[in-house]
Amino acid sequence: MKKIMLLALALLVVLATVGCQRETTVIDINGSDTMVNLGAALAEEFMKANRNIEVVVSGGGSGTGIAALIDGVADIAQSSRDIRDSERTQAQTRGTLHEVIVAWDALAIAVHPTNPVKELTLAQLAAIYKGEIVNWNEVGGNNGPIVLLSRDTTSGTHVFFKDFVLDGAEFAPATMMMPSTEAIVQELAQNANAIGYIGLGFVRPAVAILGIKADDASPAVVASVEAVFDRTYSLARPLFFYIIGDITGDLKAFVDFVVTTAGQQIVRDLGFVPIH
Amino acid sequence: MPYQQRLVTIAGYTVLLLTAAIFLFLASQAWPFFSQQVDLSFFTGDRWLPVSSPPSFQIKGFMVSSFMITAMAIVVGCPIGILSAVSLAELLPRRISVLLRSVFEMTAGIPSVVFGFLGLTVIAPFVARTFNLNTGLTGFTAGLVLSVMVLPTLVSLADEALRAVPREYAEASYALGATRWQTIWRVIVPAARSGIIAAVLLAVGRAIGETMTVLMVAGGRLTTPGSIFEPMRPITALIAAEVTNAARHGEQYHALFAAGLMLFAITFAVNAIAAAVIVGKKEA
């Protein structure tokens, strides 16, 4: 008798879950590692008010997300770079491509806390990453070889840095490509000669942030939400949602939530810069 | 032939078929890249610039890195592994060797990402301090971590080979007045030679194919390393880092498959040499 009761109970649970699944819609979000925490926080807050919608967020890189969007595996691709022309062409074979700016991100230039260098001009930064400046004493620091850290070529951050700071030129061959921003932070924290670029949201006390000067005459500006907002900090880029097809129903509800004041407060809480 | 026997035969051929299918898939995905390649710069150059225009795909640096790290892992791991196997099989009391064997088997079950994490947080800073390097994320560090990771393969296979040597060999040796030490090194180890060589070569395969650890620890410099104390990126780490981002059927995608095909060819060559060595020794 007990066994039958248990069996019935189990059956009930299974049926209940099946019932739930029918009512829940799932929104799959994939893409930028820079944005994965942001996406997850937005999803969590959104799901509190919309219990029938499940928003699943995963990372892997902007390119990964856009590929998933094109393949129809993801509903939204999070990207920290513009979609490439070749990707746009592929996406448009499946429907209209929508681009939504959901936040801005400042790239902080980080070094070890003991590094006496406190500021660089954009030109110096470019020369360092092109391998033209190889010793810290050339920019007013200690005598020590500069250890260059970069994100992998998978990363939208890598592409932004290459386009914006290096003006499309190649990274120095000595540059170390790191598989994640966490790996960059880890190495910065223990390497006195390292320099790396990281999203504002990843800044820890274990690393020091350099002030960046647009040119020799300009004041040095340290990356911050305010500095991006009043446009005094130039190393900033938009973060995108890419969506194929009409934005309707639950998908629309989520995208609308992200740009509301409540959504943008989460953007700010995570160290990104809100769009308004 | 009874049907059971036929079933077993089919199973054997299935393995062969699967390997051939994997090779054919790799080759077919790599072909579009090779067919556009007019010279040998893919193998001889070290400019890997996938997001530049025009892009450039040359893998000498990655092949050299794979070779360096594997060599380091084997050079460090082999003496330790083979000596451990000898002590397990011949010297230690039975109860202790049974315990140690299960410890080694457990080491084999530790996920490589855990080794990578240990390498990143413990071994890399240690290497940087000890050798006074600019960074601890180097081929040396990766080789060191890998030398530990190949131990389970090495020890359990060599141990098995040693224990498979017939007891009569040792008894005959003792009967001739040889000491225990002489018996181990002059009789048992030479008798298990082909098994030990097979163990070493499987360890080479393990080291060359390891991905996660080298991705995390080797440093990720994309050019040809000048020494093992520099950051570098082996072929496996290159593929893992980039294949998810490569636009499907784009040039980068096919170039990565070409790199994978090279990895396959190298592993295949190592195994072929191993087979030849073992067969040759037996005939001599």
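Helices (H or I, at least four residues) and strands (E, at least two) are DSSP runs, numbered from the N terminus. By that rule A:Asp269 sits in helix H10 of chain A, and the secondary structure of chain A comes to 10 helices and 12 strands. This is a predicted model, in which local features need pLDDT of at least 70 and side-chain atom pairs count only at pLDDT 80 or more, while totals for chains, interfaces and linings use all residues. Residues are numbered from 1 along each chain as its sequence is written, chains are lettered from A and ligands numbered from 1 in the order in which they are written, and side-chain values use heavy atoms, with hydrogens and water left out.

**Chain A as a whole**

- Along the principal axes, the C-alpha atoms of chain A fill a box of roughly 80 × 45 × 35 Å.
- Chain A has 276 residues, and 50% of them are buried; buried means under 20% relative accessible area, exposed over 50%, and partly exposed in between (1.4 Å probe, protein chains only).
- Of the contacts (heavy atoms within 4.5 Å) in chain A between residues at least 6 apart in sequence, 72% join residues at least 24 apart.
- A:Asp269 counts as exposed, at 56% relative accessibility.
- A:Asp269 and A:Leu38 are 231 residues apart in sequence, and their C-alpha atoms are 9.4 Å apart in space.

- Two packed helices are described by the angle between their axes and the distance between the axes.
- For helix H9 (residues 249-259) and helix H10 (residues 261-269) of chain A, the axes come within 4 Å and cross at roughly 65 degrees. Axes are lines fitted to C-alpha atoms, for helices over the stretch in contact, and angles run from 0 to 180 degrees between N-to-C directions.
- H9(A) contributes A:Phe257, A:Val258 and A:Val259 to the contact, and H10(A) contributes A:Thr261, A:Ala262, A:Gly263, A:Gln264 and A:Ile266.
- The residues of this contact divide into 5 nonpolar, 3 polar and no charged. Here Ala, Val, Leu, Ile, Met, Phe, Trp, Tyr, Cys and Pro count as nonpolar, Asp, Glu, Lys and Arg as charged, and the others, Gly among them, as polar.

**Salt bridges within a chain**

- Over all chains the structure holds 15 salt bridges, each a side-chain nitrogen of Lys or Arg within 4 Å of a carboxyl oxygen of Asp or Glu.
- One of them joins A:Asp33 and A:Arg151 (3.6 Å, N to O). A:Asp33 lies in the loop between strand E1 (25-31) and helix H2 (36-49) and A:Arg151 in strand E6, so the pair ties together parts of chain A that are 118 residues apart in sequence.
- A:Asp33 is partly exposed, with a relative accessible area of 26%, whereas A:Arg151 is buried at 3%.
- Another joins A:Arg237 and A:Asp105 (2.9 Å, N to O). Because A:Arg237 lies in strand E12 and A:Asp105 in strand E4 of chain A, this pair ties together parts that are 132 residues apart in sequence.
- A:Arg237 is buried at 1% relative accessibility, and A:Asp105 is buried at 0%.
- In chain B, a network of salt bridges links B:Arg101, B:Asp159 and B:Arg163.

**Where chain B meets chain A**

- In this interface, 26 residues of chain B are in contact with 27 residues of chain A.
- The two chains bury about 2,100 Å² between them, 52% of it on carbon and sulfur atoms. Buried area is the accessible area (1.4 Å probe) that two parts lose on being put together, summed over both.
- The rule finds 1 salt bridge across the interface. A:Asp152 and B:Arg233 form a salt bridge, with the closest N and O atoms 2.7 Å apart.
- A:Asp152 lies in the loop between E6 and helix H6 (156-164) of chain A and B:Arg233 in the loop between helix H11 (212-217) and H12 of chain B, so the pair joins two chains. Both residues are buried.

**Positive phi**

- Most residues other than glycine have a negative phi.
- A:Arg231 has a positive phi, near 65 degrees, and is exposed at 71% relative accessibility.
- B:Asn132 has a positive phi, near 55 degrees, and is exposed at 69% relative accessibility.
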